[in-house]
Amino acid sequence: MLPELTQLVGTPRALTVRFPYGAPFGNPFNRWLQTRVLGEALAMLVEATAPAMKPSQYRWRQSRERVSW
């Protein structure tokens, strides 16, 4: 969420997201987005062979659709 800080502390691998604080995987109840962001992060852990910081391809979008459990 703070790429500058992530780079400063030397985190070996990081997926940066452009989401508000408190929602690092996307807006609440948006399972589709949350699953995709988590998949990106896990893929990066497996595929990265050197320290890397990669931006997520997904962006924050508020859904007007109400999702029930």
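**Reading a predicted model**

Analyst: Beyond its neighbours within four places in sequence, Ser 56 contacts Leu 15, Thr 16, Val 17, Val 37 and Glu 40. The model is predicted, and each contact below is read from that model.

User: In which element is Ser 56 placed, and is Ser 56 buried or exposed?

Analyst: Ser 56 is in strand S2. Its relative accessibility is 2%, so Ser 56 counts as buried, the cut-off being under 20%.

User: Which backbone atom does the side chain of Ser 56 reach?

Analyst: The side chain of Ser 56 comes to 3.1 Å from the backbone nitrogen of Tyr 58. Another side-chain to backbone case involves Thr 35, a residue of helix H2: a polar atom of the Thr 35 side chain is 2.7 Å from the backbone oxygen of Arg 31.

User: Thr 16 is in contact with Ser 56. What does Thr 16 touch, leaving out residues up to four places away in sequence?

Analyst: Thr 16 touches Pro 3, Met 53, Lys 54, Pro 55 and Ser 56. Thr 16 belongs to strand S1, residues 13–18, and is buried at 13% relative accessibility.

User: How is a pair of aromatic rings described, and how many aromatic pairs are there here?

Analyst: The description uses two values, the distance of the ring centres and the angle of the planes. The count here is one aromatic pair. The centres of the Trp 32 and Tyr 58 rings are 5.8 Å apart and the planes stand at 90°, so this pair is edge-to-face. The angle decides the class, because planes over 60 degrees apart count as edge-to-face.

User: Which parts does the pair tie together?

Analyst: Trp 32 is in helix H2 (residues 31–47) and Tyr 58 is in strand S2 (residues 52–59), so the pair links parts 26 residues apart in sequence. Tyr 58 is buried, at 18% relative accessible area. Apart from neighbours within four places, Tyr 58 contacts Phe 19, Trp 32, Leu 33, Arg 36, Val 37 and Glu 40.

User: Where do nonpolar side chains tend to be in soluble globular proteins, and which residues form the largest nonpolar core here?

Analyst: In such proteins, nonpolar side chains tend to be buried together. The largest nonpolar core here has seven residues: Leu 15, Val 17, Phe 19, Leu 33, Val 37, Met 44 and Tyr 58. S1 and H2 are the elements that give two or more residues to this core, and H2 supplies the largest share, three residues.

User: In what order do the elements run?

Analyst: From the N terminus the order is α-β-α-β, with two helices and two strands in the protein. Of the 69 residues, 25% are buried. Among contacts with a separation of 6 or more, 57% are between residues 24 or more positions apart. The accessible surface is about 5,500 Å², and 58% of that surface belongs to carbon and sulfur atoms.

User: Where is confidence lowest and highest among the elements?

Analyst: Helix H1 (residues 3–9) is lowest, at a mean of 82, while H2 is highest, at 92. For residues 63–69 the pLDDT is below 50, and this stretch has four contacts in the model beyond near neighbours in sequence. Over the protein the mean pLDDT is 82, with 87% of the residues reaching 70 or more.

Notes: Residues are numbered from 1 along each chain as its sequence is written. This is a predicted model: local features need pLDDT of at least 70, side-chain atom pairs count only at pLDDT 80 or more; totals for chains, interfaces and linings use all residues. Side-chain values use heavy atoms; hydrogens and water are left out. Rings of Phe, Tyr and Trp (its six-membered ring) pair if their centres lie within 6.5 Å; planes under 30 degrees apart count as stacked, over 60 as edge-to-face and the rest as tilted. Helices (H or I, at least four residues) and strands (E, at least two) are DSSP runs, numbered from the N terminus. Buried means under 20% relative accessible area, exposed over 50%, partly exposed in between (1.4 Å probe, protein chains only). Contact means heavy atoms within 4.5 Å. A polar contact is a pair of N or O atoms within 3.5 Å; within protein, one must be able to donate a hydrogen and the other to accept it, and residues adjacent in sequence count only if both atoms are side-chain atoms. Accessible areas come from the Shrake-Rupley method with a 1.4 Å probe; for residues, only the protein chains shown count as cover. A nonpolar core is a set of buried Ala, Val, Leu, Ile, Met, Phe, Trp, Tyr and Cys residues joined through side-chain atoms within 4.5 Å. pLDDT is the predictor's confidence in each residue, from 0 to 100.
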